[in-house]
Amino acid sequence: MAEEITIPITFIETELPKAPPLYVSVFLMTQAMPKCTSAEIAQKLAILESDVLKAWQYWADKGYQARQISQKHMQPKETKPRLIAAKRPEYTPQEMAMYMKREDITKLFRSAEAKLGKTLSSNDMSTLFSFYDWLGFPFDVIELLLTYCVSRNKRGMRYIEQVAIGWAEAGVDTAEKAAEYVQMRTKGYKEILRAFGQSGRMPVKEEEIYIKKWLQEYRLPLDVVLTACERTVLRTGGVSFAYADSILSDWKKAGVKNKEDIAKLDDAFAAKKAQQKAQVQKATPVQKQNRFINYTQRDWDYAELERLEQQKQNEW
């Protein structure tokens, strides 16, 4: 073994807290034993060689070379989104028995049984472990995943697996991202639909694309989005995600961060309209009225005038 290894503090602060504990152990052992094979490292850590290979792949995906990490190799490379194998891997009873010797794995299984209200089968355990091994979820993300599914009264492992795959494909791989996702799905979706006058349903696919754009891409607060939805109903008389999107796109360009910013935009728009109206009135010439127009005209009874004229002539 090398007498010492050097790991920059920035790497420790930014990468190690997010990495699975086993991968951290493999990383440190690889640093200490740079010339050892994966089998030798697995033997030192009392784990499977496949774990070592997966850990090396994890660090490679992050842009680090596990065997050569040093200060000059600490800048992560730009990596592509994680690719997920189409089929969940199968684990032999021997592999699962090995994994269940780890305290963090058994803790996860106990927590899952408490949340799901049942004893896990061997297949259930294999599926849950795959979220960690196959999808690369930290244990706290798996805990949040289970809590989310149970809150929707969905306890079937098949359903939970589909949600897990969806999270992985969407890049929901940290506790912070998971909490944000759950908040958006459980609160944001419902309140946005309620602002449109739609209750008791979840958004369809096209509507969900708009909502994710507003909340995730634009990073707009929920109350700002709700304001745009309410204005859409007032102006169009119905549900129009496209119209709301045009409002929110303009607000995003204007740098809107909260409802106070919206009020400022409204005030500025009202002031501009008032100024334009004043300019139009000033530019329009005032027409002078002549005396004829000002004179109050009378309504004459011409028949009566003729009668009076005829009477006067007869008197002569």
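**Close-up views of a predicted model**

The structure holds zero disulfides. The model shown in every view is predicted.

View 1. Cys149 has a relative accessible area of 0% and is buried. Cys229 likewise counts as buried, at 0% relative accessibility. Cys149 is one of the buried residues of helix α8, and no disulfide is present in the structure.

**View 2. Helix α8 and its packing partners.** Helix α8 spans residues 139–151. Its 13 residues reach 18 Å from the first C-alpha to the last, close to the 18 Å expected at 1.5 Å a residue. The buried residues of α8 are Phe139, Val141, Ile142, Leu145, Leu146, Tyr148, Cys149 and Val150. These buried residues pack against α6 (103–116), α7 (122–133), α9 (157–169) and α10 (175–195). An α-helix has 3.6 residues a turn, so residues three or four places apart point the same way. After α8 comes Asn153, with a positive phi near 60 degrees.

**View 3. Trp167 in the largest nonpolar core.** The largest nonpolar core has 80 residues, of which Trp167, Ile192 and Trp214 touch the most other members. Helix α8 supplies the largest share of this core, eight residues. Not counting residues up to four places away in sequence, Trp167 touches Phe137, Val141, Leu144, Leu145, Tyr148, Val172, Ala178, Tyr181 and Val182. Among these, Val141, Leu145 and Tyr148 are also buried residues of α8. In soluble globular proteins, nonpolar side chains tend to be buried together.

**View 4. Ile211 in helix α11.** Ile211 lies in helix α11, which covers residues 205–217. Its relative accessible area is 0%, so Ile211 is buried. Leaving aside neighbours within four places in sequence, Ile211 is in contact with Tyr189, Ile192, Pro203, Gln216 and Phe241. One of these, Ile192, is named with Trp167 and Trp214 as touching the most other members of the largest nonpolar core. The C-alpha atom of Ile211 is separated by 9.0 Å from that of Met184, 27 residues apart along the chain.

View 5. Ser249 is placed in helix α13, residues 241–253. With a relative accessible area of 14%, Ser249 is under the 20% limit and therefore counts as buried. The side chains of Ser249 and Tyr218 are joined by a polar contact of 3.2 Å. A polar atom of the Ser249 side chain also lies 2.8 Å from the backbone oxygen of Asp245. Beyond its neighbours within four places in sequence, Ser249 is in contact with Lys213 and Tyr218.

Notes:
Residues are numbered from 1 along each chain as its sequence is written. This is a predicted model: local features need pLDDT of at least 70, side-chain atom pairs count only at pLDDT 80 or more; totals for chains, interfaces and linings use all residues. Side-chain values use heavy atoms; hydrogens and water are left out. Helices (H or I, at least four residues) and strands (E, at least two) are DSSP runs, numbered from the N terminus. Buried means under 20% relative accessible area, exposed over 50%, partly exposed in between (1.4 Å probe, protein chains only). A polar contact is a pair of N or O atoms within 3.5 Å; within protein, one must be able to donate a hydrogen and the other to accept it, and residues adjacent in sequence count only if both atoms are side-chain atoms. Contact means heavy atoms within 4.5 Å. A disulfide is a pair of cysteine sulfur atoms within 2.5 Å. A nonpolar core is a set of buried Ala, Val, Leu, Ile, Met, Phe, Trp, Tyr and Cys residues joined through side-chain atoms within 4.5 Å. The expected span of a helix is 1.5 Å times one less than its number of residues.
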